[in-house]
Amino acid sequence: MRRFYKGLIALLMICMLAGCGKKSNKQETDKELFVIGFSQVGAESDWRLANTRSMQETFTNERGYELLMENAMQQQDNQFAAVRRFILEDVDLIVIAPTTEEGWDILLEEVHEAGIPVIIMDRSVAVWNRDLYLTNIGSNFLEQGEEAISWIETNLPVAEDEPLKVLHLKGTDGSTAQLMRTRALEEADQRHEDWTIVQQLNGDFTEAKGYEVMTNYLKHSQDFDVIYSENDNMTFGAMRALDEAGITYGENGKVKIVTFDATKRALQLCLEGKINLCVECNPLHGPLVEELIQKYRNGEQIQETVYISESVFTKENLTQEFIDQRTY
Ligand code: GYE
């Protein structure tokens, strides 16, 4: 009997030690790491890949974070599912890069009720209750559009007898980047009686779609002076279509090209004279998001909107050294 009791006690001790050991390890890890659920739009463009990298490089375990990232493949429904999973996992904070602006009220209410703070990154959301998220960090997309317009106004003279014909390549409908860049162009078109938007094509911010819509369009018409393309990847697709149709572009070409993002590949083409203007859209949000999270954790006041700094590039202000050291 004593032997039996001795054995039982030993067994219990082993179990307790093993069990306790595990639990305390987990508790320590949980305590140390700040868990962030990140719903990313997709992997549609070079800009997006750089944006994802910036988040992953910032929020590492070594730096005290656990980043749970979900790629929504450009579908808002996938974002809803991801955010609901984050609620179930009881993460410390949720970062959402929203596909489109509309449709977020109910979901953000759910997150609010769960008591989880939210940061909206890159694009914006249009919700009734502004208290549903801490802050919106991203680009001033309208200003980007206006930069592009003012370059066109100064650099593309309009002929006396013919309007300036703009071909517009649009990004994902309803996304802030599309809405604001489009607004700048449409407002300029209203102001300038001698401008005309010959067509608006939707390329969904991807190279494949940019190539496809451009190829189809060129079968019907090739009469335009400038392409206003809402991101670099659609521009690359459009350039391939122009090459195949034998239409020249850039500095010495028939068609001028204005593009948004200013990723490394686009800047190189700009330096080579193939693209006329690159309006920068800075994807390196990670460090800024971290700064805001730290403020939040310290109980400090956070600005409602935080814009990231950006510039505009033409062949004149670019150098090979600058492009070589660019990380995206
Ligand atoms: O311009 C485009 C991307 O929302 C700023 O989305 C972003 C845009 C960017 O896919 O390349």
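Visitor: Leaving aside neighbours within four places in sequence, which residues is L242 in contact with?

Guide: This is a predicted model, in which local features need pLDDT of at least 70 and side-chain atom pairs count only at pLDDT 80 or more, while totals for chains, interfaces and linings use all residues. Residues are numbered from 1 along each chain as its sequence is written, and side-chain values use heavy atoms, with hydrogens and water left out. Contact means heavy atoms within 4.5 Å. With neighbours within four places in sequence set aside, L242 is in contact with M214, L218, F224, I227, I247, Y249 and I257.

Visitor: How many residues does the largest nonpolar core have?

Guide: A nonpolar core is a set of buried Ala, Val, Leu, Ile, Met, Phe, Trp, Tyr and Cys residues joined through side-chain atoms within 4.5 Å. Buried means under 20% relative accessible area, exposed over 50%, and partly exposed in between, with a 1.4 Å probe and protein chains only. M214, F224, Y228 and L242 have the most contacts inside the largest core, and its residues number 55.

Visitor: How many residues are in the second, separate core?

Guide: In soluble globular proteins, nonpolar side chains tend to be buried together. Here a second core is separate, and its members include V41, L93, I119 and I293. The size of this second core is 21 residues.

Visitor: Is I152 buried or exposed?

Guide: I152 sits in helix α5, residues 141–155; helices (H or I, at least four residues) and strands (E, at least two) are DSSP runs, numbered from the N terminus. Not counting residues up to four places away in sequence, I152 touches L164, W195, Y228 and V258. The relative accessibility of I152 is 0%, so I152 counts as buried.

Visitor: How far apart in space are I152 and K256, C-alpha to C-alpha?

Guide: In sequence, I152 and K256 are 104 residues apart. In space, their C-alpha to C-alpha distance is 9.4 Å.

Visitor: Which residues of helix α4 are buried?

Guide: Helix α4 covers residues 105–113. The face turned away from its buried side carries the exposed residues I106 and E113. The buried residues of α4 are L107, L108 and V111.

Visitor: Why do the buried residues line one face of α4?

Guide: The arc is that of the directions from the helix axis to the C-beta atoms. What covers these buried residues includes α3 (76–88), β3 (93–96) and β4 (118–122). Seen down the axis of α4, the buried residues line one face because they fall within an arc of 95 degrees.

Visitor: What is the relative accessibility of Q178?

Guide: Q178 is in helix α6, residues 176–191. Leaving aside its neighbours within four places in sequence, Q178 is in contact with K170, G171, T172, D173, F205 and E230. Q178 counts as buried, because its relative accessibility is 4%.

Visitor: How much of the ligand's accessible area does the protein cover?

Guide: Of the 13 residues around the ligand, E44, D122, R123, N231 and D261 come nearest; a residue is near a molecule if one of its heavy atoms lies within 4 Å of it. An oxygen atom of the ligand is 2.4 Å from an N or O atom in the side chain of E44, and a polar side-chain atom of R123 is 2.7 Å from an oxygen atom of the ligand. On its own the ligand has 300 Å² of accessible area (Shrake-Rupley method, 1.4 Å probe).

Notes: Polar contact = N/O pair within 3.5 Å; in protein donor to acceptor, adjacent residues only side chain to side chain.
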